[in-house]
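I opened this entry to record what I looked up in the structure, element by element. The notes follow the order in which I went through it.

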Amino acid sequence: MPSPPRFSAPAAGPERTSSGRYSLWRLLREGLGGQRGWSRAWTKAAPRPHYRVVVVGGGGHGLATAYYLAATHGITDVAVLERGPLGLGNVARNTTIIRSNYFQPANVRFYEFSLKLWESLERTLNFNAMVSQRGTLNLFHTEAQRDLFTRRANLMRLEGVDAEALSREAVKALVPLVDLDNGRYPVLGGFLQPRGGTVRHDAVAWGYARAASEAGVDIVEHCAVTGIRHQGGRVTGVETARGFIGADVVCLAVAGYSSELARLAGLTLPIETHVLQAFVTEGLKPVLDVVLTYGAGHFYISQSDKGGLVFGGAIDGYNTYGQRGTLPMVEEVTAAAVTLLPALSRVKVLRQWGGVMDMSMDGSPIISQTPLAGLILNGGWCYGGFKAIPAGGFTTAHLIAHGAPHPVAAHLDLGRFAAGRTVDERGVGPFPYLH
Amino acid sequence: MLRIPCPWCGTRDEVEFRYRGDATQSRPPPEGTPEEFTRYVYGRDNPLGWHLEWWLHVGGCRRLLKVERHTLSHEIRWVGAPSDLPPAERAV
């Protein structure tokens, strides 16, 4: 487990400032002092000419990788390069759900490792990420679906992960809004992971950025990577909007754009880029205190602490880098919402947005070395990038520090496609638009 | 909403179609190497820009279309039959 960051002035760079330790005592003291004692949570660094590790992408996985490199492996000669401002990509565009209710045992182990890191994240980072283990509830609507969920729950329990079967009555008691007796898709029951839940996604980026910065990592914003320089089959650095930056190791953590960045190094990846939309309604009084997923359509919903219902559905279904999404999926998702929860039919949707994601050819992520020595890939996250941030960062940092994969992420290597060891969670084959 | 000009049915909404992926992949000959087959099954160029792709007109003529579409603006600049090639000067 990572050690807590040191909240003292680190050695890298004379202008670096510490934001100090956050606590109730500090809150009281700053309140009495007119809130004038707070300083920036992280230092906006200017890039140095060379680093041991350059992480491309200042989202959840990039920042987490940098943090664990510094905190767990003592590698602080690290820069995180972000093309825009920090944390405005997919880490701020997801529906904030964390869970480990997967089917493939290797995936259950990986996401459970992540869930355990979430459980201690706020203490580790000294940052309130509002981790709320309110439970994730999957509904089933047919006998066959009940069998499938039962099998999945049993596989999870074999790995020591919590999973419970709920009757119709228990579902109704937990979520009174559910229409149990829908004529086409009656609810037969549910499958609950009590330790699943939600996390405030912006705070994940900010918390990791602050802790990484405290530990000595340089966080460089507005520094788009335009080229990857290599010599003799080994990476030597990156060309950026702010000049060439040399590096012994370059880690790509740019899910959504992995193919475009890998192309700069002459690599073709088993990835397509697709858009996934999310929605939030006007604020309501508390009506939903679990994460609820529909079994008869692709739809999942939770209520934020501000009261808005946050929900999403499936990908639009064709290659796109447009971070917006189109109307047919809006109609499909909202139709699923009012079929499952008819009371929502008069609730107004306030905002809708899209995030572009790496859809890998087997629906599972990639944490791997690449054919170019020194180039590490963290990508292919499909729908599951947010919940995997702590484990993704931890295992990517392990791969960089030790040159060998962490045991819980060893199955996510790039070589699995050629070797026929794909981790196909849904069993649909190499068709990203079906995952 | 994409509006796809089907050569047989005219311009229709995207909901009549099903996406069938990258149309630039060509199957290696039977004696091809494992690397060639891996590239064919799993490798994707996935460009930010013009993309040649398959769309099946399931809600219309049920024929397969080859479509050249921009992956950021979603503009469609060419549609043809499966055996057609897009204009040479626009080679993908």
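**Notebook: strands, helices, domains and the chain contact**

The model I am reading is a predicted one. I then looked up the two strands as a whole. Strand 12 (residues 271-283) and strand 15 (residues 308-315) of chain A pair in the antiparallel sense, and five bridges connect them. Helix 9 (residues 327-340) of chain A packs on the sheet and touches strand 12, strand 14 (300-303), strand 15 and strand 16 of chain A. The direction of helix 9 makes about 125 degrees with that of strand 15 of chain A.

Next I traced the sheet. I found an open sheet of eight strands in chain A, with the order 5-6-4-13-14-15-12-16 and mixed pairing. Strand 5 (164-167) and strand 16 (349-360) of chain A each have a single partner strand, so one side of each is left without a neighbour in the sheet. The twist from one strand to the next averages 20 degrees. I also noted helix 5 (residues 143-158) of chain A, which lies across strand 4 (136-140), strand 5 and strand 6 (189-193) of chain A. Helix 5 runs at about 145 degrees to strand 4 of chain A.

**Strand 11 of chain A**

Which strands pair with strand 11 of chain A, and in which sense?

- Strand 1 (residues 50-56) of chain A runs parallel to strand 11 (residues 243-252) of chain A, and six bridges join them. Within this pairing, Val54(A) has Val250(A) as its bridge partner in strand 11 of chain A.
- Strand 10 (residues 234-240) of chain A runs antiparallel to strand 11 of chain A, with four bridges. A hairpin through two residues joins strand 10 to strand 11 of chain A. Here I found Glu239(A) with Phe244(A) of strand 11 as its bridge partner.
- Strand 18 (residues 375-379) of chain A pairs with strand 11 of chain A in the parallel sense over three bridges. Leu252(A) has Leu377(A), in strand 18 of chain A, as its bridge partner.

**Helix 7 of chain A**

I checked the length of helix 7 (residues 201-214) of chain A against expectation. At 1.5 Å a residue its 14 residues should span 20 Å, and the end C-alpha atoms are 20 Å apart, which agrees.

Is helix 7 of chain A mostly covered or mostly uncovered? I found that twelve of its 14 residues are buried, and thus recorded the helix as mostly covered. The buried residues include His201(A), Val204(A), Trp206(A), Tyr208(A), Arg210(A) and Glu214(A). Among the elements that cover them I listed helix 2 (60-73), strand 2 (78-81), helix 4 (121-125), strand 8 (218-220) and helix 10 (389-402) of chain A. Just after helix 7 of chain A, Gly216(A) takes a positive phi of about 110 degrees.

**Domains of chain A**

I next looked up the division of chain A into domain 1 (42-94 + 201-271 + 362-434) and domain 2 (132-197 + 272-357). Their centres, taken over C-alpha atoms, are separated by 29 Å. I noted 13 residues of domain 1 of chain A in contact with eleven residues of domain 2 of chain A. The side of domain 1 that touches domain 2 of chain A has seven nonpolar, five polar and one charged residues.

**Contact between chain A and chain B**

How many residues does each chain give to the contact? I recorded 22 residues from chain A and 20 residues from chain B. On the side of chain A that touches chain B, the elements giving two or more residues are helix 8 (258-264), strand 12, helix 9 and helix 11 (416-419) of chain A. Strand 12 of chain A gives the largest share, three residues. By class, this side of chain A divides into twelve nonpolar, eight polar and two charged residues.

**The sheet of chain B**

Strand 5 (residues 64-70) and strand 6 of chain B pair in the antiparallel sense over four bridges. In that pairing I found Glu68(B) opposite Trp78(B) of strand 6 of chain B.

Notes:
Residues are numbered from 1 along each chain as its sequence is written. Chains are lettered from A and ligands numbered from 1 in the order in which they are written. This is a predicted model: local features need pLDDT of at least 70, side-chain atom pairs count only at pLDDT 80 or more; totals for chains, interfaces and linings use all residues. The expected span of a helix is 1.5 Å times one less than its number of residues. A residue is buried if 20 or more other C-beta atoms lie within 10 Å of its own, exposed if 12 or fewer, and partly exposed in between; C-beta atoms are placed from the backbone. Two residues are in contact if their C-beta atoms, placed from the backbone, lie within 7 Å. Two strands pair if DSSP finds at least two bridges between them. Axes are lines fitted to C-alpha atoms, for helices over the stretch in contact, and angles run from 0 to 180 degrees between N-to-C directions. Domain bounds come from an automatic or database domain assignment. Ala, Val, Leu, Ile, Met, Phe, Trp, Tyr, Cys and Pro count as nonpolar, Asp, Glu, Lys and Arg as charged, and the others, Gly among them, as polar.
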